[in-house]
Amino acid sequence: MAAERPDKKSVKQQAIELDPPVELVFRGPFTEVVTSSLKLKNPTKNTILYKVKTTAPKQYCVRPNSGILNAGEEAPVSVMLQPIDLTVPDSERSKHKFMVQTMFAPPDFTPDQLDFAWKSAAKDVLMDSKLKCVFDETPIAQTIPASTVPDNDAAVANGGKAALEESLASTQSPPATPSEQAEYTESQPAKNTTSQPSQVLAGATPAKAVPVKDTESQP
């Protein structure tokens, strides 16, 4: 018996849950590889396919950059920022964004059909969530442990933390428009090694990414 399918009117609304929902925070120093973690959760009763895209494919490696989420499953995703040129203006880095694109698995789907499913997917079944990149350059030495905060400042500290959590927990971004979709390219998969996470991390030049020309996902 085929799994229950959502109606087309609800397809554009993202079905999975992202944590964090709107921002990926990278903490310096940025002279070495910096990793930010993302968690994907499928709260539905259907199988969902996902892939991760970015506007700066040469600057990031992602593990895994695509996959399958069965009903109720969660998947951790590691986003690795490669060492960056500190002379690059902040305005350029502010353009870095990620998109998690998803769709419900077709009827009778099997894992070996993943690439074919994306290639043959109609545009009106694709869902997406956008995340912006935030670069925290605060030196670690300046970070004050919570235990050292004076009692009379505890309320202020807690208030700041609450404000940050409220900001990160804001409602998910609206679906990307066709013009926004074209800005994103499928992110690079990180190689699975213990000594060197990926060839890029060892200082090699990343493979040239092929820009996405339309809203359909690339293999």
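**Entry 1: a salt bridge to begin with**

I started at the side chains of aspartate 136 and arginine 27, which meet in a salt bridge with N to O at 2.7 Å. My cut-off for the term is a side-chain nitrogen of Lys or Arg within 4 Å of a carboxyl oxygen of Asp or Glu. Aspartate 136 sits in strand S9 and arginine 27 in strand S2, so the pair ties together parts that are 109 residues apart in sequence.

I then looked up the cover of both partners. Aspartate 136 is partly exposed at a relative accessible area of 22%, while arginine 27 is exposed at 52%. Here buried means under 20% relative accessible area, exposed means over 50%, and partly exposed lies in between (1.4 Å probe, protein chains only).

**Entry 2: ground rules**

A note to myself before going on: this is a predicted model, in which local features need pLDDT of at least 70 and side-chain atom pairs count only at pLDDT 80 or more, while totals for chains, interfaces and linings use all residues. Residues are numbered from 1 along each chain as its sequence is written, and side-chain values use heavy atoms, with hydrogens and water left out.

**Entry 3: the whole protein**

I counted four helices and 11 strands in the protein. Of its 219 residues, 36% count as buried. The accessible surface comes to about 13000 Å², and carbon and sulfur atoms hold 54% of that; these areas come from the Shrake-Rupley method with a 1.4 Å probe, and for residues only the protein chains shown count as cover.

How much of the contact list comes from residues 24 or more positions apart? Such pairs make up 77% of the contacts with a separation of 6 or more, where contact means heavy atoms within 4.5 Å.

I count two strands as paired if DSSP finds at least two bridges between them.

S2 (residues 23–27) runs parallel to S9, with five bridges joining them. Phenylalanine 26 stands opposite phenylalanine 135 in this pairing. S8 (residues 97–104) runs antiparallel to S9 and is joined to it by six bridges. There, valine 100 has serine 129 of S9 as its bridge partner.

I also checked glutamate 23, which is found in S2 and is buried at 14% relative accessible area.

**Entry 4: strand S4**

Is S4 (residues 48–54) mostly covered or mostly open, and how many of its residues are buried? S4 is mostly covered: seven of its seven residues are buried. In a regular strand the side chains alternate between the two faces of the sheet.

The pairings of S4 came next:

- S4 and S8 pair antiparallel over seven bridges, and threonine 54 has phenylalanine 98 as its bridge partner in S8.
- S4 and S6 (residues 66–69) run antiparallel and are joined by four bridges, with isoleucine 48 opposite leucine 69.
- S4 and S10 (residues 185–186) run antiparallel with two bridges between them; in S10, threonine 185 is the bridge partner of threonine 54.

**Entry 5: other salt bridges, and the cysteines**

The structure holds five salt bridges. Among them, arginine 93 pairs with glutamate 137, with the closest N and O atoms 3.5 Å apart. Arginine 93 lies in helix H1 (residues 90–93) and glutamate 137 in the loop between S9 and helix H3 (154–168), so this pair ties together parts that are 44 residues apart in sequence. Arginine 93 counts as buried at 6% relative accessibility, whereas glutamate 137 counts as partly exposed at 46%. Another is glutamate 92 with lysine 95, N to O at 3.5 Å; glutamate 92 is partly exposed at 38%.

How many disulfides turn up in a search of the whole structure? I found zero, taking a disulfide as a pair of cysteine sulfur atoms within 2.5 Å. Cysteine 61 is buried at 1% relative accessibility, and cysteine 133 is buried at 8%.
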